[in-house]
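Dear colleague,

Please look through it before you go on to the notes.

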Amino acid sequence: MTNSPAKVLLNPPFRAEHVGSLIRPKPLFDKRCELEEGKCTVDDLKEVENDAVKHVVELQRSLGIRSITDGEVKKASFYDGVFEKLDGMIFMPARPINEFKRYLPHIAMLYAAGKPSEATFYCNGKIRRTKPFYVEEFKAIKSVVSAEEVKNIKINMCPPSWWHHRHGSDLAYDLTVYKNDDEFFDDLGAAYRAEFQELYELGCRNIQLDDPTFAFFCYEPTVSGMRESGVDPEKLLDTYIRSINVCTQGRPSDLRVGLHMCRGNYKGLYFCEGGYDRIAEKVFVGLDVDTLYLEFDDERSGSFDPLKYVPLNKTVVLGLVTSKDPKLENLDDLKRRVDEAATAMSTGNSSRSKETALNQLCISPQCGFASVWQGNPVTEEEEKKKLALVVEAAKQIWKDSR
């Protein structure tokens, strides 16, 4: 890859965006249920998954959504597709629960439920990418869109920190293989860069990393729990910023990489809360990404004030429409909130006018509609209404709405 120059204002993604995952079409949902019941095999899913890709691509087109994903219909969970394909990573179907970090809200739930163990991955050898992560998924979408639409395809990826954060620097990898986090994430970053390069050569120009990790640093119980466990939250936050940056370094200047910060999205449930104030200056500035997908759908997300730290060369996709329940938001409220966000971005920042701030903004649902295959408690029809509302809001707010 060639070195990526600093991108100077702006080549925003489409003003009407969505985070990625979509409600599974009924034939695929039913087939997944059969798989869970042992009535079919993974291979039996393939034809139904391919039909589902065609379905969700047409759904997005019909609503005016031009940023095209496959709805993650080929995944069981949002984090599938990376670690099970890497040399040096092994699947552990039942790792003892005391080897997971209790200060994490989703892990605390497992402790509270009395679970003795949980499935995970562990690094027991040098990490190497010998198989692609999402190349086949990209090809599947590419096969059902026009040549002009290929550049609009967005691929969603599990973040590099996903399994590390569950076990920390002491239990995520074999300390005789990697001496420290820098060594571990350097090799992992090389694997991600190789994936980026192969996707880029196939025509991919938009990649989104879906990362719940950063939101945990906004949640006081998690931060205090880290300190009580002897973990320095600021040092660990620096580690996770770096874990992203070693993946994105040197990317082509026309490859857009975004990062979605999620507070949890399991069948409509969330795991943590708290505004971005605690992390905004360090994370918004320090992450080497082009786009920040930020959740602002309710009071758990805090105020827009931290947006003042967003640099001029980054776009923010405001997640104002909830994907967690079917109640439809009000169009005028969305327009008002975008205006408030632009005001917050420009207030106290002499280098940015409100007009410039508005140009840095886009709008979307706050998360995907189905981070796991079962989906949120929302029907496809309700999902379509929410996406259509996002498109209409974008048309009314931005003259260059796409």
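The notes below take the cysteines, then the aromatic pairs, then the charges over rings.

This is a predicted model, in which local features need pLDDT of at least 70 and side-chain atom pairs count only at pLDDT 80 or more, while totals for chains, interfaces and linings use all residues. Residues are numbered from 1 along each chain as its sequence is written, and side-chain values use heavy atoms, with hydrogens and water left out.

Cysteines. A disulfide is a covalent bond between the sulfur atoms of two cysteines. Taking it as a pair of cysteine sulfur atoms within 2.5 Å, the structure holds zero disulfides. Cys 218 is in none, and the nearest cysteine sulfur, that of Cys 272, lies 7.3 Å away. Cys 218 is also buried, at a relative accessible area of 9%, where buried means under 20%, exposed over 50% and partly exposed in between, with a 1.4 Å probe and protein chains only. For Cys 247, the closest cysteine sulfur is that of Cys 158 at 10 Å, which is too far for a bond, and Cys 247 is buried with a relative accessible area of 1%.

Aromatic pairs. Rings of Phe, Tyr and Trp (its six-membered ring) are paired if their centres lie within 6.5 Å, and planes under 30 degrees apart count as stacked, over 60 as edge-to-face and the rest as tilted; the count comes to 19 aromatic pairs. One of them joins Phe 78 and Tyr 79 edge-to-face, at 5.4 Å centre to centre and 80° between the planes. Phe 78 is buried at 13% relative accessibility, whereas Tyr 79 is partly exposed at 23%. Tyr 79 also pairs with Trp 162, and because the centres are 5.5 Å apart and the planes at 20°, this pair is stacked. Trp 162 is buried, with a relative accessible area of 5%. Phe 78, Tyr 79 and Trp 162 belong to one aromatic cluster, together with Phe 91, Phe 121 and Trp 163.

Charges over rings. A charge counts as sitting over a ring if NZ of Lys or CZ of Arg is within 6 Å of the ring centre and within 35 degrees of the ring normal. The charged end of Arg 129 sits over the ring of Phe 133, 5.7 Å from its centre, and Arg 263 lies over the face of Tyr 276, at 4.4 Å from the ring centre.
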